[in-house]
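Please keep the structure in view while reading.

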Amino acid sequence: MAPPLSTTFGSTRPEKRPWTRAITRKTRAWKTSSLNGQAGWTTPSSRVPRIRRRPKPLRFQRRKWPDPMPNQLTDGLPLAGKVFAVTGGARGIGAAIVATLNARGANAVAFDIDPSAAPAGSESITCDVTDEASVKGAFESLNAKYGRLDGIVSNAGIMLEKPVADTTLEDFDRVIAVNLRGVFLMAKSALPYFRTDMPDADKPRIVNVASELGHLGRPEYSAYCASKGGVIALTRALAREFAPGILVNTLAPGPTDTDMLRAEKNYDSWVKDGEGIPLGRVATAEEVALAAAFLCGPDSRFMTGTIVDVNGGAAMY
Ligand SMILES: NC(=O)c1ccc[n+]([C@@H]2O[C@H](COP(=O)([O-])OP(=O)(O)OC[C@H]3O[C@@H](n4cnc5c(N)ncnc54)[C@H](O)[C@@H]3O)[C@@H](O)[C@H]2O)c1
């Protein structure tokens, strides 16, 4: 019940104020005094504490989730309309990458020295990654057809299994020319076609295919290991130089069941026993291609300079 006016306002109440104003203040003062446990005049500027309701139990509260990030790799066609050049895309891992990117809506084109080996229905352009004119010509043809470039996958590679004593300088140079210089040449030649002002998810991608041997080393693979170690180092340098406009990453597969592996001495022990591979088997080309598609797609938008290992645990470092 409201206290009598005389006790509430006492002598501090200004006598000259008009009635309407005084009544408003009276009401306010009464509320204040009952909340604070103090009686008396409250100046108009003082805050009347707000009466807060107890929060609703959680199950009745309206939940505010952050906007869900769609899983763009598996939802819809995350690469719709994008154009990729995949070197060595006619066979093995490269052919699987072309197929996987296309399945996600992209136009992936194989740049291969031997396009006749490409699976039926996939698009390819003749290109030798060791030859500058050939690489530039391939990009011109691609640009003439599509008028855009969203990424390259530098996958073309050759393997050499020879003791150092038997490796000629020509052998060594050939491996470096395809596996390392070819990666550099592709990145350099692609630059003029990339748009570097794209939003994060659509930034151009460079995916270089190295190998676990780029870390591990292996007897009788000196040239190959040197070339793949070089690809890893080159990727890091490019990632720093091209940031933030272009994302550059490495894929480092372990033994993968392709023609290249079938030509190696250890093929049988790897394929039969999964020797030295914690997951107990070699990879399929498609499993490596899934990682390549991730690096080409919007889900890897905040990754650059990384090495993505697809090796069943064979190399952990
Ligand atoms: N298969 C494996 O076990 C394995 C493991 C780790 C890394 N890798 C790497 O993965 C990549 C693909 O290997 P793969 O097993 O599919 O090999 P692959 O031999 O099956 O296919 C290689 C492709 O590259 C093409 N190519 C070769 N020289 C070329 C050149 N100068 N210019 C353009 N194209 C050329 C070939 O025509 C072929 O289509 C290579 O870089 C390889 O080093 C393979």
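How many residues surround the ligand, and which are the closest? The model is a predicted one. In it, the ligand is surrounded by 29 residues, of which Gly88, Gly92, Gly157, Thr258 and Met260 are the closest.

**The ligand shell**
- Two helices, α3 (92-103) and α8 (259-262), each supply at least two residues of the shell around the ligand.
- Sorted by class, this shell consists of 14 nonpolar, 10 polar and 5 charged residues.

**The nonpolar core**
- The largest nonpolar core comprises 67 residues, and within it Phe84 and Ala292 have the most contacts.
- Apart from neighbours within four places in sequence, Ala292 is in contact with Ile97, Thr100, Val153, Val207 and Leu251.

**Ser134**
- Ser134 belongs to helix α4, which covers residues 132-146.
- Ser134 counts as partly exposed because it has 17 C-beta neighbours inside 10 Å, while a buried residue would need 20 or more.
- Beyond its neighbours within four places in sequence, Ser134 is in contact with Cys127 and Asp128.
- Between Ser134 and Ile113 there are 9.6 Å in space, C-alpha to C-alpha, and the two are 21 residues apart in sequence.

**Backbone features in loops**
- Most peptide bonds are trans, and most residues other than glycine have a negative phi.
- Ala243 and Pro244 are joined by a cis peptide bond, with omega about 0°; Pro244 lies in the loop between α7 (222-242) and β6 (247-253).
- Glu220, a residue other than glycine, has a positive phi near 70°.
- Glu220 is placed in the loop between α6 (213-216) and α7, and Glu220 is partly exposed, since 16 other C-beta atoms lie within 10 Å.

Note on methods:
Residues are numbered from 1 along each chain as its sequence is written. This is a predicted model: local features need pLDDT of at least 70, side-chain atom pairs count only at pLDDT 80 or more; totals for chains, interfaces and linings use all residues. A residue is near a molecule or strand if its C-beta atom, placed from the backbone, lies within 6 Å of it. Helices (H or I, at least four residues) and strands (E, at least two) are DSSP runs, numbered from the N terminus. Ala, Val, Leu, Ile, Met, Phe, Trp, Tyr, Cys and Pro count as nonpolar, Asp, Glu, Lys and Arg as charged, and the others, Gly among them, as polar. A nonpolar core is a set of buried Ala, Val, Leu, Ile, Met, Phe, Trp, Tyr and Cys residues joined through C-beta atoms within 7 Å. A residue is buried if 20 or more other C-beta atoms lie within 10 Å of its own, exposed if 12 or fewer, and partly exposed in between; C-beta atoms are placed from the backbone. Two residues are in contact if their C-beta atoms, placed from the backbone, lie within 7 Å.
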